[in-house]
2 protein chains.
Amino acid sequence: MTKAFVRIFLAVLVLLYGVLVQAQVAVNWVSVQPGVWKAVVGKPESISLLKAAGVSAYEKGFSQLPSAAFPLDKKEIVVRQRDGKIYLRFPLQKEEKLFGFGLNFQTVNQRGRVLHLHVDHYGGKDNGRTHAPVPFYVSSGGYGVLVDAARYMTVYAGSAVRVATEHPPKLYDRNTDKDWNAQPYSDAVEMLVPAQGLEVYVFAGPSPMNVVQRYNLVNGGGCLPPKWGLGFTERMPTLSSQADIVSEAKLFAQHDFPLDFIGVEPGWQSMAYPCTFEWDKGRFPDPAGFIKELSALGIRANLWTNPYISPKASLYVAMKGLSGSHTVWNGLVPDVALPRARQLLKEHFLKEHINIGVSGYKIDEIDGFDNWLWPDVATFPSGYSGEQMRQVYGLLMQRMTSSWFREKNQRTYGLIRASNAGASSFPYVIYDDYYSHRDFITALINSSFAGVLWTPEVRASESAEEWVRRMQSVCFSPMAMLNAWADGTKPWSFPEVEGAVKDVASLRMQLIPYIYSTYAQYRWEGKPPFRAMSLVEGSGGQDLKDQYMMGDNILVAPMFTGEKSRKVYLPAGKWYDFYTGELAGENEVIAITPGLDKIPLFVRDGGIIPMMPMQRQAPVPGQKVQLIVRHYGKANGGFVLYDDDGVTFDYEKGACSFVTLRVQRDGNGNMAGSVSDPQPGKPYGYLKEVSWIFMTK
Amino acid sequence: MTKAFVRIFLAVLVLLYGVLVQAQVAVNWVSVQPGVWKAVVGKPESISLLKAAGVSAYEKGFSQLPSAAFPLDKKEIVVRQRDGKIYLRFPLQKEEKLFGFGLNFQTVNQRGRVLHLHVDHYGGKDNGRTHAPVPFYVSSGGYGVLVDAARYMTVYAGSAVRVATEHPPKLYDRNTDKDWNAQPYSDAVEMLVPAQGLEVYVFAGPSPMNVVQRYNLVNGGGCLPPKWGLGFTERMPTLSSQADIVSEAKLFAQHDFPLDFIGVEPGWQSMAYPCTFEWDKGRFPDPAGFIKELSALGIRANLWTNPYISPKASLYVAMKGLSGSHTVWNGLVPDVALPRARQLLKEHFLKEHINIGVSGYKIDEIDGFDNWLWPDVATFPSGYSGEQMRQVYGLLMQRMTSSWFREKNQRTYGLIRASNAGASSFPYVIYDDYYSHRDFITALINSSFAGVLWTPEVRASESAEEWVRRMQSVCFSPMAMLNAWADGTKPWSFPEVEGAVKDVASLRMQLIPYIYSTYAQYRWEGKPPFRAMSLVEGSGGQDLKDQYMMGDNILVAPMFTGEKSRKVYLPAGKWYDFYTGELAGENEVIAITPGLDKIPLFVRDGGIIPMMPMQRQAPVPGQKVQLIVRHYGKANGGFVLYDDDGVTFDYEKGACSFVTLRVQRDGNGNMAGSVSDPQPGKPYGYLKEVSWIFMTK
């Protein structure tokens, strides 16, 4: 009796302790990859972001990263379970900046912000509602944190101040003190996750780039697009017929304008919003012939769709029991978490599109907004809630559709409106209707902290100036796209800048060797191809919103309409003008006044840029192009040129080349370039003869 | 063995059934008041909106309402528990409009909207984040629904479409059909409440006004302000001293401008944002003398404060253990759900303010926004979560502070920035920094569906026109307030409209008998004093955003800057111009072109408007004023004139008068007015001699 009483008493004490200290949870950090630790909190749900993405870490990629210890004081990481939710707290140092928390459009440093991470279209405010509200942040201090839960979580990114903090903010009297601040100093990131459990990851650096690399490598490494995905693309007006599209492809050839793939918009379907996924017999009487005709012109077709199934679709009846409780535009929302649902879709999409040569999809309308999408009260036969589905639908669609191509050993490259953590390896680029050129560039910068790709697509413009400025930007982005869906514009729609537009599209094509090698870094090292300045070594905690890096060597400083000049921050080391090779500056902010015809580009000292002659389309398997290698500055340089067949996954079995380009000063002080030999028998699409151009005199 | 097996088998079947039908919950509707039913779903939480408000129904008020049956088909109300949340669904008919869902600013009909009900400042969009996100809606079909849960709930107010609906929307092809609609027809209101349990109420009509009455009566009946609360008020510049304020009061007297109470802004405290709740010795060397001096001028003082306790406050140490885990502007957030916390605050506020004559408070900054307020990760010693506290803090503050005055048998009338369901009886008016005149009027209209009061306060204006138009509106609102906190404006700041401003302020004073009687309706019948047009009998489902009723008889159609004319909807029955008594129209939309000097007002046929001679301050207890009764139109009329001492709660013990004013046509066709005798011994502040004015010739 007494013993039992003591036991009960002790149990009550433990219970009370739990309640009194607000259910603080002991956290066990387990190393899962070099420099990556994971903790399991509570009982994680059967779906999460990474579970939805379903990718495995690219383990080999970690070998080249510096070893690193757990980057935070574990005692300062506080986890609580309370009120059916998980409360997380991570410490912050005084000078830290925070990058990430998904695809934000207006801000780069998120410290001090409150974000409600929620998949949605971007509504004009960086409040957490965006196409890819990735719950991952990178500290300028060189570590990162990912919260893996498919829930709407609330983030206080250094805005919440605890009574019990050891770093209290200074006290001011608003009545009399001008230094009073509406938002006092906070020493922590706090997050509220409405889930019974989750997994949380900590990534070591030491540099912010190393953090991002580890994040992308955990997510399988970055995606390597097919080469044709790096060429120019135009999306056709919505009601174009197959004849219209073939004519358009020929028109591009007449204008000698690059074009690798073409977007076929809603009108290809017999009904859209909701969709049938079936060709419209009137506008597309012969889909296979259409694709073949395009293919003969070297052009691939990318089909627009949303996933909502029309009652008129042949799939409707079979999918009805495999879909959510609510409709979108009268269409079923397929529960793509169900294998049977995926199987039916696969059979249809392969038969109707992929097996006749369709190269990929633009998967639209899966982000928001709330009035259109399935509501949070929707339920799905897989058992996942409307909220969970909202957070992972973009991931599930990317995973499903890309697997169809992968099974055919064929790379795809498409567009997606919703994504989330875990997407690094998916061959999809995010886009948006919101049309601020400036904010599109900020999104491009932020994409590098979120493991996603982003295109600042060009649609209409109000002036020739805006047109050329937008075209210049999009050619320095993951997808060089004109979206003429609504307005039927063409690259030459503004004759006064036709030359400049063609120049930059041509430059994009000439840079394919460099860009493709940059994506190879993404694939194997986890380095994002388009990068925030803060990911450049020696840049400190830069949170610039209007300039970025394309790969290791090219700094891009886009111009915006109405601006004749701009400021550019050049990191430590000398930087050179891309076009002239002249010294531009070092570790300083310079002012430039470029003309309308060029996008300002700068190359680091010793920077090597492998290029090729202009051609309208990306090299095809077996094709050999000439290598034109530029070198900038006075320093020696090295560059790993990557190549493979450009279209299959054979590279994963070793069918690829890594060739080292080197520039060194010889005994006489002259620059000389050298190329290592490609491994025999591996795909390598360059002629042996290399043209070396030393840009800096 | 076999029996046990059968039992287990049956249990599994039941469980499976629960899972398969998605945990549908049987709902038991219990009648709680005439025409009001309540259902308990799951295990309701220990705090809810109505629990926080802590009021009892005013049961007597129901006796005058028509009896009514349960207004919906119970089978069509679907409740589910799933994923730790409550899913609610209520049916909608084709033509129904939905009013309410809190204090919206831009829309009156909420059908088709998605709202995330969340206490916050108003951010420019009707998305559910507002000062009073009351989870109550009124259908134009004559019933209402209240969901009583202190949680952020998501409402799909006729936007979500189920696959299994019996009323599917029409299917369109967006490719080709111009009638395609982004938001197809929905036949239900659906709500997602992240709570383990809740209580839900259904209110019968038959009219929308009856629904609102029942709602307000469940919440104790509406508030009856002190008479002085209906007079004019100005809030002083923030750093005003006690001498400044007394001077200002005298200046109003010199200008012969109404002034009943004056707002004392942050500078009265020795520190603000966070607050000490202590007088600043420099600016207020003699608080008691200051209040006495104002009182001698007939003026009451209302003190601004926010609840956040400065480390410099004498209360700080004692309150530290009684406050939330997080600070706001370095101040403690008192956990006013704790009796001990309330007791300490009460002792301080009584001693320092109320016992020396302070008449009330403006309780600021308890709504949002997220970057300032306590975060959702905050915890409180009462055990309530940050989210729950966010939803109820305004209610708790109103309840606590008004109880202090009630215990002294003294009415108060103040300002509050956050409220929610259950607040009808609290003597507080909501205000906002957002400064759109138009949207302020829409908020006033919507306040009538939410059981709250709202003032379209006047601050700065860009022109004399804007100034007078705003002044005209605010004089036809629950609180006639000039907020000169930031800019030091005065009613006569625009000399070119000084006369018109004074005219409307004087009209406000003259209308006190009518307005006070209108508030008496609110108190005892639950009829909101300022009302949407859809609450007027025979107005159908009007969702007008720019005109409203003050009481039963006066239709207010405010003018906005830049507009010389406007349209006014006049409901069924004849309506007359308030100023001239001329017929304006009936059951039609009229166009008017009023001058700058008047706010358009219309009176219904037979409408009786009791008024009094202009005086700068509301009548004081014992004072007798002359009654001037206007009658409009040709019809007979009746009006219940209410009176009491105007300052105490003695009316609750019967110390009040209800006097009937009647106008009837005699045998000769002449209009004649009559007044019933007030009950002897009851407070009645009018002279026996009544001046009758028959406005319509």
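How many residue pairs are in polar contact across the interface of chain B and chain A?

## Basis of the model

This is a predicted model, in which local features need pLDDT of at least 70 and side-chain atom pairs count only at pLDDT 80 or more, while totals for chains, interfaces and linings use all residues. Residues are numbered from 1 along each chain as its sequence is written, chains are lettered from A and ligands numbered from 1 in the order in which they are written, and side-chain values use heavy atoms, with hydrogens and water left out.

## The interface of chain B and chain A

Across this interface the rule finds 38 residue pairs in polar contact, both residues being at pLDDT 80 or more (a polar contact is a pair of N or O atoms within 3.5 Å; within protein, one must be able to donate a hydrogen and the other to accept it, and residues adjacent in sequence count only if both atoms are side-chain atoms). On the side of chain B that touches chain A, the elements giving two or more residues are strand 5 (85-91), strand 7 (113-119) and strand 12 (188-193) of chain B, where strands are DSSP runs of E with at least two residues and helices are runs of H or I with at least four, numbered from the N terminus. The residues of that side divide into 30 nonpolar, 22 polar and 18 charged.

The contact, meaning heavy atoms within 4.5 Å, takes 70 residues from chain A and 70 residues from chain B. Together the two chains bury about 5,300 Å², 52% of it on carbon and sulfur atoms; buried area is the accessible area (1.4 Å probe) that two parts lose on being put together, summed over both. In chain B, the residues that lose the most area to chain A are B:Val163, B:Leu171 and B:Asn175, together 13% of what that side buries.

The rule also finds four salt bridges across the interface (a side-chain nitrogen of Lys or Arg within 4 Å of a carboxyl oxygen of Asp or Glu). A:Arg151 forms a salt bridge with B:Asp83, with the closest N and O atoms 2.8 Å apart.

## Domains 3 and 4 of chain A

An automatic or database domain assignment divides chain A into domain 1 (27-218), domain 2 (227-511), domain 3 (523-604) and domain 4 (608-694). The C-alpha centres of domain 3 and domain 4 of chain A lie 23 Å apart, and ten residues of domain 3 are in contact with twelve residues of domain 4.

These two domains bury about 870 Å² between them, 68% of it on carbon and sulfur atoms. The count between them is one salt bridge, and the side chains of A:Glu652 and A:Arg523 meet in a salt bridge at 3.6 Å, N to O.

Key:
Ala, Val, Leu, Ile, Met, Phe, Trp, Tyr, Cys and Pro count as nonpolar, Asp, Glu, Lys and Arg as charged, and the others, Gly among them, as polar.
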